[in-house]
Every structure is written in structure tokens, then in C-alpha cells.
Amino acid sequence: MHGYGPMPQQPTTSRPSPATLTTVRVILVALTVLSCGLLGWAPMLRLAIVTRRPRDWFLLVVVIALNIGLFAFIMATPDDPDEMSDAAALFMMLWILGLLAGVITYYLYAEIRHYNTLGAPAPYSAPAHPAPPLPYQQQHPAQHHQPQPHQPPNPYTAPATPPTPKPAPQRLDQVRAELDELSDYLRQENKDSRDGEGR
């Protein structure tokens with residue numbers, strides 16, 4: 001049975017400090033502006049190296065072609081500004097301004113977005129240790145809340161039921177007396193009727 005060795009760590013992309021990134025951006029933007037766009041390929045080259053995306057390499061080739069064309073156009077114009085036509089001067093100005101705006105805007109946007117996706121490096125990351133096992137009572141909290149089995153009530157502790165009300169003895173005596181009087185009256189009536197018949 002073969003053992004598994006440690007997994008090789010993947011190389012992480014180092015993120016420069018914010019101060020370094022700001023300095024590099026300022027230098028590249030200043031070079032592009034001071035050269036009237038002729039060095040616009042420099043920030044695009046850095047961007048393509050940093051991101052390594054095919055689109056950025058393609059845009060680098062486009063910017064280099066525009067820089068070569070601008071340089072050739074400037075060399076073809078006469079040295080005396082008075083001899084240059086207004087249309088040629090306007091075309092060269094629009095070319096320079098469009099190149100400057102496009103290169104600087106895209107370079108700053110793409111590089112800032114690229115480093116934001118990488119995320120800022122954490123200053124300190126504590127080593128991950130497995131959490132200690134919880135005590136048995138904490139792992140099984142349901143044991144503390146188990147319902148108690150139902151127990152029959154204790155007859156000695158059960159509350160005494162109130163006695164049923166009994167009829168009052170006075171009422172019974174009164175009824176008995178009335179019955180006695182009624183029976184005496186019937187006997188007397190029966191006796192009187194017999195005496196009358198005997199006569």
C-alpha cells in the first residue's frame with residue numbers, strides 16, 4: 001500500500017505594495033504623455049506581462065502599430081508649422097489625443113482591476129488547527145433535556161375530592177312526618193267508614 005505524500009503547493013502571484021504600484025503607474029503615464037503617445041507601448045507591454053491575457057497582447061500590437069504610424073506621419077510633415085495644412089495638423093492632434101486617452105484609460109483600468117481580483121495579501125494568517133473535541137456533555141446536549149417518563153399519580157399525595165353533598169336530615173324528617181300523618185289520616189278514614197257500615 002503506497003502512502004500519499006504532501007500535495008505540492010501552487011505558486012501564488014505576489015502582489016506588489018500599493019506604493020510600488022502607484023509609482024510604476026505614474027511613471028508609465030508620464031512617459032506616455034511627455035512622448036505625445038509615442039511611448040504608449042510601454043504601459044501596454046507591462047499590462048500584457050502582468051495579466052498574460054491574449055487580448056492585452058493583441059492590444060499591445062495595435063498600439064505599437066499606431067505608434068509607428070504616428071511617428072511616420074510626424075516625420076512626413078514639414079518642419080515649418082506654417083507649411084503644414086490645417087487638416088494635417090488637426091488629424092495629427094486627434095491621433096495623439098485619441099492614442100493618449102485610449103492607452104492611459106485602458107492601462108489604468110485593466111491593471112487596477114487585475115490586482116483587485118488578486119486581493120490584498122493578508123498581513124497575518126494564523127495556522128489552521130483542528131478545533132478541540134467538545135466535551136461529551138456538549139456533544140450530546142439532548143441528554144440533558146430528555147423527557148421524564150410519565151408516572152402514575154400517587155394516591156397519597158393526590159388532592160382529596162370534595163364530598164358529595166348529602167340531603168339535609170331535616171328535609172327527610174319532614175317528609176317522614178308528612179307520610180305518617182297521611183297514613184294516620186287514611187287509617188282514621190278507613191276506621192270511620194267501617195264504623196258507619198256496622199251501625
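In the predicted model, E111 and R25 form a salt bridge (a side-chain nitrogen of Lys or Arg within 4 Å of a carboxyl oxygen of Asp or Glu), with their closest N and O atoms 2.6 Å apart. This pair connects distant parts of the chain, as E111 lies in helix α4 (residues 86-118) and R25 in helix α1 (residues 18-34), 86 residues apart. Helices (H or I, at least four residues) are DSSP runs, numbered from the N terminus. E111 is buried, with a relative accessible area of 0%, and R25 is likewise classed as buried, at 15% relative accessibility. Here, buried denotes under 20% relative accessible area, exposed over 50%, and partly exposed the range in between, computed with a 1.4 Å probe on protein chains only. R25 and E111 also belong to a network of salt bridges that includes R46.

The structure contains 4 salt bridges. Among them is the pair D56 and R53, with an N to O distance of 3.2 Å. D56 is buried at 0% relative accessibility, whereas R53 is partly exposed at 32%. Another salt bridge joins the side chains of D184 and R187, at 2.8 Å from N to O. These two residues lie 3 residues apart in helix α6 (residues 169-198) and are therefore separated by about one helical turn. An α-helix has 3.6 residues a turn, so residues three or four places apart point the same way. D184 is partly exposed, at 43% relative accessibility, and R187 is exposed, at 55%.

Helix α2 spans residues 41-51, and its buried residues are A42, P43, M44, L47, A48 and T51. The buried residues of α2 pack against α1, α3 (54-76) and α4, where contact means heavy atoms within 4.5 Å. Helices α1 and α4 are also the elements that carry R25 and E111, respectively. Following α2 is R52, which has a positive phi, near 60°.

Residues are numbered from 1 along each chain as its sequence is written, and side-chain values use heavy atoms, with hydrogens and water left out. Because the model is predicted, local features need pLDDT of at least 70 and side-chain atom pairs count only at pLDDT 80 or more, while totals for chains, interfaces and linings use all residues.
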